[in-house]
Amino acid sequence: MWEVEGTLLDTKGYEANLPDRGCLIIGDALHDMTLTLVVDDRLVIREIRAAMRATPYQDCHGAAPRYDLLVGMKIRSGWINDVKETLGRQHACTHLTELLPVLATAAFQTLQGYRLEFQTGFADSPANRKRMANTCYGYRDGGRADTLVWNTATD
C-alpha cells in the first residue's frame with residue numbers, strides 16, 4: 001500500500017467577517033484541509049481520509065464522508081471525470097476534489113520511483129521508458145532524468 005497526502009492552506013491578508021466563524025484576523029486560515037489517499041500497486045484507492053480543520057461555513061465538514069465513495073476506484077486516464085460524477089458537485093468540496101489530480105500524480109510517481117529503485121530491469125525496459133518519455137521537463141528526450149534513469153533502454 002502507498003499513501004500520499006495533500007494539504008490546502010488558504011490564509012487571508014485581510015480581516016474577514018464570516019457569519020459562522022466571526023472575524024478572521026490577518027493570517028487566519030479560511031481553509032485548512034488535508035486529503036490522504038492510500039492506493040495499492042495497481043493504483044486502486046483502498047482508503048481515503050479527508051480532514052477539514054478550517055472551513056468558511058460550519059456545514060462544509062459534511063462533505064468529508066462523501067469521499068469514501070472513491071474507495072475501489074482505479075486512478076487512470078480520465079478517472080477524475082468518474083470522481084466528479086460519483087461525488088456530485090453539490091455533495092462534495094471543491095477544494096478537496098481539486099487536490100485529487102495532484103495526489104494521483106504523486107501516487108503514480110511514488111510507484112514509479114519505487115520500481116526504478118527496486119524492481120530489477122524496470123529502468124532497462126523500453127516500454128517503461130516510453131511510458132515516462134516526455135511526461136515532464138526532467139523526462140523530456142535528452143533531459144537529465146531521461147539520461148540518468150533510462151540510459152540503458154533502447155527504443
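Is cysteine 23 buried, partly exposed or exposed? Cysteine 23 is partly exposed, because its relative accessible area is 46% (buried means under 20%, exposed over 50% and partly exposed in between, with a 1.4 Å probe and protein chains only).

## About the model

This is a predicted model, in which local features need pLDDT of at least 70 and side-chain atom pairs count only at pLDDT 80 or more, while totals for chains, interfaces and linings use all residues. Residues are numbered from 1 along each chain as its sequence is written, and side-chain values use heavy atoms, leaving out hydrogens and water.

## Cysteines

Searching the whole structure turns up 0 disulfides (pairs of cysteine sulfur atoms within 2.5 Å). For cysteine 23, the nearest cysteine sulfur belongs to cysteine 60, 18 Å away. Cysteine 136 is partly exposed too, at 36% relative accessibility.

## The nonpolar cores

The largest nonpolar core has 28 residues (a core is a set of buried Ala, Val, Leu, Ile, Met, Phe, Trp, Tyr and Cys residues joined through side-chain atoms within 4.5 Å). Ile45, Tyr67, Leu70 and Leu100 touch the most other members. Beyond its neighbours within four places in sequence, leucine 100 has contacts (heavy atoms within 4.5 Å) that include Leu35, Tyr67 and Trp79. Apart from this core lies another, of 5 residues, including Phe122 and Trp150.

## Valine 4

Valine 4 counts as buried because its relative accessibility is 7%. Its C-alpha atom is separated by 5.8 Å from that of threonine 36, 32 residues apart along the chain.
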